[in-house]
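Please look through the structure shown below with this briefing beside you. It takes up the inner spaces, the nonpolar cores and the disulfides in turn.

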Amino acid sequence: MQRPTAWRLLLATALLPAALLAWPSNARAAADAITPAVFNDPAGTDTDQSRIRDYVLGLIDDTAAGAEIRVSMYGFTDDPVADALVAAAARGVAVKVVVDHYTLGLDGTEYPTLQQGLGTDRSKPSWVLACPAGRACIADRGGINHNKFFLFSQVDGESNVVVQTSANMTSTQRTDLFNNAVTLSDATLYASYVAYFGDLVKYGTAANGLTDYYKSTTSGPYKDYFFPRHEKSGTTPTTDPSTDTVKLILDNVGCAGGTQIRVAMFAFTRTQVAQKLVDLQSAGCTVRLAFDGHTDPNGTPHLPPSVEKIVSGRLAQRVECDDGPTGIGVHSKYLLVNGTYDGKSGRKIVFTGSHNYTYGALRDNDETLLKVDDAAIYDAYEANHVHLMDYCTGS
């Protein structure tokens, strides 16, 4: 895919140090252009905190009548984004939104705004759908629709635009947690996401979902992975690394030449992934991990003892992000590989999405993982990871 000149200029700015990485300070100030890599900073100004939200808001505002916007989101309490989607529908944009049932019970939920402004009649151009209570839309093992993506058929001179983020549309995602977003324009990738969105609707309106859905599409430097993925017969959800997509990705990493591996992760419970990272460190790779230091509602750490005992003292560097009274943590979900991958050296690859390194993300949830083989986007993510490692060391 040949990117337009404006995008190439934006990519060049990805090489700036993390301290200068203002992606963009105001989404409307970037010549209304698509930005490949966006990161918020919860420790910064209001503008810094809202970079991802404001960037998405700018894209929604720039979508013209006749275009389509599709959204799949776990948590949605952000007034400006909901209002912008309703306004887009009013001016002739077809706006389709799928939210997890969890959103309906949130304080400040935007579901009533979307329901009133978009309707729920799926024979109309615009509507909102909530997944069934007690399960995801597709996944039928009591999980959640954990997706966080926006699809634009056309916006700011680009067609087939995919915005994949780690951020829910809630205030705490802006003010308390580091998040990331990547934007790609690719017809095959876009069509794959649209088909997946269609399946979220199909199974989300059916009596039952699926326990095994796993699908993947490759388009040049990009590859998507959609979950849930079922374990093999004779195993359990936690004892089958042969169907753990992240473990299999790491199996493709070679350590010759000193490959660098960086991970930023909110929740990390998969022991086989943890052990593989340790094995790669032992094989000559350099592995750095930034993880969230908070606990889930049951009091279990997001990096539990089962993983802690595997990685403790066995990686090049690991930092726990838990900034005391302010509560700032890591909600980003990405893996960076700089070096040898799939037998080829000199690779710079990003794996990101909604997918935490938990068994629920692998087996029970509607989730997306996205591979981006693009050096400039990688450099932006690496700069963000350097910032996370520095910030979280002092937290």
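In this predicted model, the largest cavity is lined by Asn40, Gln49, Ile52, Arg53, Ala167, Asn168, Met169, Gln173, Arg174 and Asn179. Helix H3 (51–62) and helix H6 (171–175) are the elements that each give two or more residues to this lining.

**Cavities**
- The space in the largest cavity comes to about 50 Å³, and the count of cavities of 30 Å³ or more is 2.
- Sorted by class, the lining of the largest cavity holds 3 nonpolar, 5 polar and 2 charged residues.

**The largest pocket**
- The largest pocket has a volume of about 870 Å³, and of the 33 residues that line it, Tyr74, Phe266, Asp296, Pro297 and His302 are the closest to its centre.
- Two or more residues of the pocket lining come from H6 and from helix H11 (359–363), and H11 gives the most, with 3 residues.
- By class, the lining of the largest pocket consists of 11 nonpolar, 18 polar and 4 charged residues.

**Nonpolar cores**
- In soluble globular proteins, nonpolar side chains tend to be buried together.
- The largest nonpolar core here has 44 residues, and those with the most contacts inside it are Val98, Leu184, Tyr193, Val372 and Tyr381.
- Leaving aside residues up to four places away in sequence, tyrosine 193 touches Phe149, Leu151, Val162, Gln164, Asp224, Phe226, Thr368 and Leu370.
- Another core, of 35 residues, lies apart from the largest one, and its members include Met73, Ala82, Leu85 and Leu114.

**Disulfides**
- The model has 3 disulfides, and when the bonded cysteines are numbered in sequence order, the pairing reads 1-2, 3-4, 5-6.
- Cysteine 131 is joined to cysteine 137, with an S to S distance of 2.0 Å; this link is left-handed, with -100° about the S-S bond, and both cysteines are buried.
- The sulfur atoms of cysteine 255 and cysteine 285 are also bonded, 2.0 Å apart, and this disulfide is left-handed because the torsion about its S-S bond is about -100°.
- Cysteine 255 sits in the loop between strand E11 (253–254) and strand E12 (260–265), and cysteine 285 in the loop between helix H9 (271–282) and strand E13 (286–292), so the pair ties together parts that are 30 residues apart in sequence.
- Because buried means under 20% relative accessible area, cysteine 255 counts as buried at 12%, and cysteine 285 counts as buried at 2%.
- Cysteine 321 and cysteine 392 are joined with an S to S distance of 2.3 Å, and their link is left-handed, with -80° about the S-S bond.
- This pair links distant parts of the chain, 71 residues apart, with cysteine 321 in strand E14 (residues 317–321) and cysteine 392 in helix H12 (residues 375–393); both of these cysteines are buried.

Definitions and conventions
Residues numbered from 1 in each chain as written. Predicted model: local features only at pLDDT ≥ 70, side-chain atom pairs only at ≥ 80, totals over all residues. Heavy atoms only, no water. 1 Å grid on protein atoms, 1.4 Å probe; cavity = no way out; pocket = protein on both sides within 12 Å on 5 of 7 lines; lining within 4 Å. Points joined across faces, edges and corners; volume = space filled by probe spheres on them. Helix = DSSP H or I, 4+ residues; strand = E, 2+ residues; numbered from the N terminus. Nonpolar A, V, L, I, M, F, W, Y, C, P; charged D, E, K, R; others polar. Core = buried A, V, L, I, M, F, W, Y, C linked by side-chain atoms within 4.5 Å. Buried < 20%, exposed > 50% of the residue type's maximum accessible area, 1.4 Å probe, protein only. Contact = heavy atoms within 4.5 Å. Disulfide = S-S within 2.5 Å.
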